[in-house]
Amino acid sequence: LVLAELTEAAEIRVVSGKTFVLKRGFYGYVGSALSGLERRVARHLSNCKKRRWHIDYLLCVAVVRSVICAESGKNAECLIAQALSQGLLPIAGFGCSDCKCTSHLFFSQDFMTLRACALDAFRRNGLDPFFVTGSK
């Protein structure tokens, strides 16, 4: 789960042509790293990358504040997204083109609220979250 800050409002147009209008604030993006955690996190933190996924477009204008992960024997990204949608504002259609979720991006005006909801979403799904980058 990438926690990022958008310091000013932005419009993001993704490869499909869809535009997302995002407010200034904090965003949590849920994804999986089935091809390797270190590689996926490094990609999200990199400035030099081909834009492929919705998160790539967001991270062109936002600053990563923290990355929270958990190891799981199953793909838990949709479970985490569903849990986050109970406490945070989902950005409809963002990052979920390959599943039935409403969103995989969630908004909060407050970083600590976003962080607390993220940790709670992991724990409610039986996962043990850890920080890869950012503060505990």
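Strand β4 is mostly covered, with 5 of its 5 residues buried; buried denotes under 20% relative accessible area, exposed over 50% and partly exposed the range in between, with a 1.4 Å probe and protein chains only. The model is predicted, so that local features need pLDDT of at least 70 and side-chain atom pairs count only at pLDDT 80 or more, while totals for chains, interfaces and linings use all residues. Residues are numbered from 1 along each chain as its sequence is written, and side-chain values use heavy atoms, with hydrogens and water left out.

The protein chain contains 4 helices and 8 strands. Helices (H or I, at least four residues) and strands (E, at least two) are DSSP runs numbered from the N terminus. In that direction the elements follow the order β-β-β-β-α-α-β-α-β-β-α-β. Of the 136 residues in the protein chain, 43% are buried. Contacts are defined by heavy atoms within 4.5 Å. Among contacts between residues at least 6 apart in sequence, 65% join residues at least 24 apart.

The strands β1 and β4 run antiparallel and are joined by 5 bridges, with A4 opposite Y27 in β4. The pairing of β4 and β7 is also antiparallel and extends over 4 bridges. Here F26 stands opposite S108 in β7.

Y29, in strand β4 (residues 25-29), also belongs to an aromatic cluster together with F20 and F94. A pair of aromatic rings is described by the distance of the centres and the angle of the planes. Rings of Phe, Tyr and Trp (its six-membered ring) are paired if their centres lie within 6.5 Å; planes under 30 degrees apart are stacked, those over 60 are edge-to-face, and the rest are tilted. By this rule there are 4 aromatic pairs. In one of them, the ring centres of F20 and F94 are 4.9 Å apart and the planes stand at 70°, so the pair is edge-to-face. F20 belongs to strand β3 (residues 19-22) and F94 to the loop between β6 (89-90) and β7 (105-108), so this pair ties together parts that are 74 residues apart in sequence. F20 is buried at 4% relative accessibility, and F94 is buried at 0%. The pair of Y29 and F94 is edge-to-face, at 6.3 Å centre to centre and with 80° between the planes. This pair links parts of the chain 65 residues apart. Y29 is buried, with a relative accessible area of 10%.

The loop between β6 and β7 also holds S103, which is buried at 2% relative accessibility. Leaving aside neighbours within four places in sequence, S103 contacts A81, P90, I91, A92, G93, F94 and C96. The C-alpha atoms of S103 and Q82 are 8.5 Å apart, and the two residues are 21 apart in sequence. Polar contacts are pairs of N or O atoms within 3.5 Å; within protein, one atom must be able to donate a hydrogen and the other to accept it, and residues adjacent in sequence count only if both atoms are side-chain atoms. The side chain of S103 reaches the backbone oxygen of I91 at 2.6 Å. A polar atom of the S103 side chain also lies 2.8 Å from the backbone oxygen of L105.

In helix α3 (residues 77-84), the buried residues are E77, I80, A81, A83 and L84. They cover an arc of only 160° around the axis, which puts them on the same side of α3; the arc is that of the directions from the helix axis to the C-beta atoms. These buried residues of α3 pack against β7 and α4 (111-124).

Helix α4 has 14 residues and reaches 20 Å from its first C-alpha to its last, close to the 20 Å expected at 1.5 Å a residue; the expected span is 1.5 Å times one less than the number of residues. The buried residues of α4 are F111, L114, R115, A118, L119, A121 and F122. Viewed down the axis of α4, they fall within an arc of 155°, so they line one face of the helix. They pack against β1 (2-6), β4, β5 (63-69), α3, β7 and β8 (130-133). The N-terminal end of α4 is capped by D110, with a side-chain oxygen 3.3 Å from the backbone nitrogen of M112. Just after α4, G126 takes a positive phi of about 70°.

Definitions and conventions
Two strands pair if DSSP finds at least two bridges between them.
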